[in-house]
Amino acid sequence: MRLLSIDITNFRVIKQARLDFSDSLTGIIGPNGAGKSSLIEAVAWSLYGNRVARSGKDEIRSTFAHPDENCQVSLSFDIAGEHYRIVRRLVGRKERAEVELYRGATSESVGSIETLRHVTGLLGLDWRGFLSSFLARQQELNALADLPPGQRREHLAGMLGIERLDKALQRVKEDGKLYQRSAEMIGRQVQEKEALAARIKELGEQADSLTVQRDNTSGAYDEARLGFGSIEAIYQEHQEKQTSCSRITAELNAASAASEHQDRQLETLLGKEKQLAGASRELDRLQIELKEYGSLKEQLDTAARARQADAHRTDLSAQAERTRAELADLTKDLGKVKEDLGGIAKALSDLPEQVKELHQASVEKLEQARREWNEANSSLKVIRADISKVETQILSMDQIGPEAVCDRCHRPFGADLPGIKKHLKHELSELTSVCSRSETDLGALTQEGENLKRRSAELEIQSRNLYELNLKAGALEKRKTEIEVRQVDLKRQAEQLGQQLAKLGEVSFDPDVCEALTGKVKVLERKQAEAQELKGQLAGIAGLEQEIAEARERLLGLKAEEARLSQERVALDFDEEKFSRLKAEFSAARQQMEAAKDTAVRATTALEVVLKEIELRTAEQARLDRAAEELEEYRTNQYYAEKLVRLFGDFRKFTIARIRPRLAQISSDLMLEMSDGRYSLVELDNDYNLRLMDYGQYFGIDRYSGGEKDLASLCLRLAISLALTESAGLDRSFVILDEVFGSQDEQRRDLIFQALAGLKARFPQILLVTHLEELKHKVETLVEVRPTGNGWSEVIVDGNPA
């Protein structure tokens, strides 16, 4: 696989870039966090999508891009002389995923699933295999050299794809266990066949016996039903007579009760007639006493009007007195309000002009001072954090020595320790000086802020006093107006009350006369009410006479109805004792029939239950016959699964045994090329520990210098990549090395750099990702990634924007 070009739009921190890949040693250089790894990630993302992304889908599109702008990567590459181009994009606000693969000018596939299948088949690698084959990172080299043996084996198994073989082996084991459990379960079921056949035979005999029993009980039920039908007709005839007799008796009882009630009602009406005669005599007596009621009522009305006029005059006099008292109080209040208004006017003249404007300006100055203090305080915190970080690094150098680890690239300082320590002490001195000046400036800003705060508080108090005085003056003016309006209203009321009193004049009223008249009128009013009540009672005397005549007529009719019902009951000729005997015989016949029916139903039900069980047992017998056939199939599958587990295990051992010598051979060839013949043989022991031959003897990698150790780890990592691409049948033309220099000194970097130049025969395209600026002049093609300060990075190829 050979890379041709890549076009990137709105991918992470890269706004727009195009790279043309040449057969050369290409350096991708820039500061940490600039977006160098985003260029490499864009290559893998275009091929495999979000699976290879370092974060979720929602963080892939650039944050500075407009929501309607798309994120897109277009990668062109060659495989076996065929030209391919893949375009992957996130579209619109919802970031809809789109991808299409072209072979030449022809569309090969569209959509995520179909394109992933084509890419995997085309390269012979899934996304993990692609990263292991074409991308080597510094942490992988450290793992190959520094991990314990057990973890190193697991790490290499993951890179070589052996864990997929282990997953397949585990799946076959699980299938074998499933076949075994199924065979054991079916075997237990098949053992029940003989007992099931015996049970079916036993049920057949029960069914024959129950059939005879059902036929016998059905005949007995038919006989009982015929006997019950003959007695039922006689019983129903007597039951109808009993119903008629009960009806007549009930009607006769009702007629007797109605006759008695009508008799009592007639007696009541006759009593009322006697009472009305006495009421007529009482009414004549009351009418004689009521002759003087009219004149006494007129005298009482005249006295009541005089009493009302006298009370009205008293109320008007009291109201006029209250009005005069309120006018006097309002005059005093008005004087007090005018005095308070004069005091407020004097207090307002003592306050300075433009108090509000001065207070607002003071608040704005205070806010500006607070912002400046916050900015200065934040800067001081950053400087103190930097001082603490540098002091911690220097302390680590003093305590650990050359083996101390750089807090940026996480590699030991080694021989560079003195120079780096000197540089850090100089940096600490400058930071301390800047911190001192910043603390002084912060103190001055703090004092200025306190002064402004005090001045602002004083002006705020004056402004609040001005506001409160204005509010109080407004309230007093309003009160003054209300008092003046109320004075006018009260004067008008006083004048009107005087006029009303003059109009009433003098009123003559004698309370004793009025009280005597009231007593006489009340007595006559009670007698007047009694007379009216008596007249009402006497008004219904004509109706009472008519009601008495009708009651006598209804009583005669009820007596005649009683005689008729008695004669009808005698003519019915109903015998209660005979009916009771028939009822007992009918009940016995019905019980006998129902008992015979229940016996027949139970016999039929028992037969149906046995027949249903025979049906179910027969179906179970057929299922067991089929299960016996399945048992042999499960046992055969179990046998082949166990055999396949053994084959997978042997194949895994064979693969590991074969790939370790192959990795050692490829690593030896690379080491010979990259060490300029210094080392020619590399060995991997059973724990995949690296061993180099030196003067005819193998030694562990820890015996050698840091540069030789890194070189050997790099050779092993490249050997893994070559082995993977060989197994995939892929012609590789490029390799990506991400920060493989670590924290090595310049001499070690030069050795590895020279060794990489010797790999061009194997890898025409070498992409070297690093933050080391001093390598800019050693690469053949320079790709720089520089932050712009606007949230995105600029890509520059050999001095020209990409």
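**Exercise 1.** Determine which residue E773 pairs with in a salt bridge, and where the two partners lie.

Solution. Step 1: apply the criterion, a side-chain nitrogen of Lys or Arg within 4 Å of a carboxyl oxygen of Asp or Glu. The partner of E773 is R786, with the closest N and O atoms 2.8 Å apart.
Step 1: E773 lies in the loop between β13 (765-770) and β14 (781-787), and R786 in strand β14, so the pair ties together parts 13 residues apart in sequence.
Step 2: classify accessibility (buried under 20% relative accessible area, exposed over 50%, partly exposed in between; 1.4 Å probe, protein chains only). E773 is partly exposed at 31%, and R786 is partly exposed at 23%.

The model is predicted: local features need pLDDT of at least 70, side-chain atom pairs count only at pLDDT 80 or more, and totals for chains, interfaces and linings use all residues. Residues are numbered from 1 along each chain as its sequence is written, and side-chain values use heavy atoms, leaving out hydrogens and water.

**Exercise 2.** Locate the partners of the salt bridge between D68 and R93, and classify each by accessibility.

Solution. Step 1: the closest N and O atoms of D68 and R93 are 3.1 Å apart.
Step 1: D68 sits in the loop between α1 and β4 (71-79), and R93 in the loop between β5 (82-91) and β6 (96-103), 25 residues apart.
Step 2: D68 is partly exposed at 47% relative accessibility, whereas R93 is exposed at 57%.

Terms used. Helix = DSSP H or I, 4+ residues; strand = E, 2+ residues; numbered from the N terminus.
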